[in-house]
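This report describes a two-chain model, starting from a single residue and moving out to the chain and its contact with the partner chain. The sequence and structure come first.

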Amino acid sequence: MTHLFFYLTVTLYGCATIAYLACLIRTSPWITLWAARILTAGFTAHMLSTIHLASKMKYLPITNMQESLSFFGLAIVGAFIFFERKYKVTTLGSFIVPIALMMLIASSSLHGEVRQLHPVLQSNWFWFHALLAFVSYACFTIAAGVAVVYLIQNHFLKTKRLGALFQKLPSLETMDEISYRCLTVGFPLLTFAIISGSIWSEKAMGSYWVWDHKQTWSLIIWLIYAALLHGRLTIGWRGKRAAILSIIGFVVILFTFFTMKHSITW
Amino acid sequence: MNIIVVGLSHKTAAVEIREKVAFSPNQIEKPLGELIRLEGIIEGVIVSTCNRVEIYATTRDIAGGIARIKRFMAEYHHLPFELLEPHLYSYHAESAIRHVFRVASSLDSMIIGEPQILGQIKTSYGYAAEFKSSGIILNRFLHKAFSVAKRVRTETRIASSAVSVAFAAVELAKKILGCLSDKTVMLIGAGEMCELAAKHFLNSGAKGVMVTNRTFERAEKLADEFGGEAVRFESLFEHLHRADIVLSSTGAPHCIIGPQDVKEVLKRRRFKPIFFIDIAVPRDIDPKVDEIENAYLFTVDHLQEIIQANLAQRSLEAEKAEEIINQEIGQFHKWLSTLEVTPTIVALRNRFDEIRRVELDKTITGWKELPPDAEKRLESLTIAMMNKLLHAPTSALKQAGQGGRVDLYVDALRQLFQLEALPHDNEELELEE
């Protein structure tokens, strides 16, 4: 069942990616509508797949790379659907949905071995920590997607090349607003994720902060977004610089996510 | 039943001719009444705008109908027919449907994609509906034309791009600043284009206007006009940070806003973007301003470029629109041609059945001693004969309805079997949707 839903999800995300890319090329309310519908269907299948796996394994499926990639994708699509409904920014999907699709494809290429859950993971603090971290990462992914679109639009405006793509992509203001919203939601979540993570670390290993790779890099990510939010709130840091920093933050998140195996579990 | 179109437009007639044949909306009842009293004309709608005068009608006699409407247009306006005739075009059947769909979708307009024409046709149709000169076919036809126009508008970008400097500026502002409802416009100097742009910004929901001018009285006057705020020219930089959109068109020989000024202004507004539009020649705003982050400077040349690109884009989009129209013509034509099939079949059947009953009654009453079952048997016999006889023509008619040759068959059957007139010729039917 899990596999069935999973492959259904990959197929639907694939179709949604094609539909969202088509939105960039053609103007048709029909494509826009169906892109959103297919994505919602894919999200539902993804949700069912995750819930089914969770109920089968009796834990949240975020304990290895395969599960985490899928869960990351789920969080990204969920966050995107929320922002698309709120701000009517279909064309943003052309930049976000492919990311989720790639994560799922990567996830499906990995084999999840059947294994006993490591005892240190059997702590509510761990689940709490991981869940918060994924939602905050999803927010930052959206922020990075928005930042890329912002830079594209800004480039068009500065070089006065205002073609069809410029017309289709959202306004600078809308993207600024979404990016700010992502930051104000993502940053507190990340903060709580790090706090709950260190509490779990204390329970599992007897120390709040062990300076392992994961914790160190989490701190770096936290500092990047703290700087971004601080700059925004104090001197009104926005536009190109904020967009670049947001992209850097996302690259660091990906780097941390893919290269750092957690010292004790993986 | 056929749809015909007779008319003239900016493409076939100069304004001197167009104004002579225009129908005034205040007295539209009279020509509409005369139109549908013309021989062979069943329904009629008159569309009269400054760029076109067109009559849409339904008739059974295409050539006669067109000729009579042409005469009517000349006679109604007391013009010599020979003068008017060369400017008139006429369409019938599929080409008439295509023409009206194209007109409603603004593909036949002077500026392709301009939005007024649809409203004008709707108004004209409104009069025809009010004075009952349009019936089931034109009602359906024009509603279809409206929905085609809507489809064209939403599915192509034919009308989405601005083709005037003022509109281009507003569109661009929306792309930078998003919703304009909390944005303020600063007008530096005066000038027709600048004022027009300011008006467009206010119409598009901008929150307010500040006006500044070297002569403060002029600024005050203009500010009054827009319900805005006048600012002394000397204190421009004390207020500039409050503006999100800056429209400049002074006669100053040098730049009045430099990059350093803009940097300071941006800092004061916490780097919220500013959109500068420089309409002045020589320029008012230093081109280096555009290199500053969160400041976007456009000159009138840039806006002109956008307009040129938009016009080219519109022609491209027009091709997509033609595709949409092609699809819709097929559908409507099918509806139109099958419209008469069912009533004709019913009438034909009734006619046969009527004859059958009369003859059957005669036979039965003339019979002295009726064998048992005879009445029943005769009844079945005649019904079977009637069904067999009707089978071939009925299916031929249905097929003709799909093939588009239906008028021929319907007319032949009506005349051959002396069927009564079709209901929509004189009665009004419910408009089916």
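A:Leu157 sits in helix H5 of chain A; helices here are DSSP runs of H or I with at least four residues, strands are runs of E with at least two, and both are numbered from the N terminus. The model is predicted, with local features requiring pLDDT of at least 70 and side-chain atom pairs pLDDT 80 or more, while totals for chains, interfaces and linings use all residues. Residues are numbered from 1 along each chain as its sequence is written, and chains are lettered from A and ligands numbered from 1 in the order in which they are written.

Why does A:Leu157 count as buried? Within 10 Å of A:Leu157 there are 21 other C-beta atoms. The class buried requires 20 or more such atoms within 10 Å, exposed means 12 or fewer, and partly exposed lies in between, with C-beta atoms placed from the backbone.

Leaving out residues up to four places away in sequence, A:Leu157 touches B:Ile176 and B:Tyr296. Two residues are in contact if their C-beta atoms, placed from the backbone, lie within 7 Å.

## Chain A

Chain A has 9 helices and 0 strands. Of its 266 residues, 41% are buried. Among contacts in chain A between residues at least 6 apart in sequence, 79% link residues at least 24 apart.

## The contact with chain B

Chain A contributes 17 residues to the contact and chain B contributes 19 residues. On the side of chain A that touches chain B, helix H5 (124–159) and helix H7 (172–205) each supply at least two residues. H7(A) gives the most to this side, with 3 residues.

By class, the side of chain A that touches chain B has 6 nonpolar, 6 polar and 5 charged residues. Nonpolar covers Ala, Val, Leu, Ile, Met, Phe, Trp, Tyr, Cys and Pro, charged covers Asp, Glu, Lys and Arg, and the others, Gly among them, are polar.
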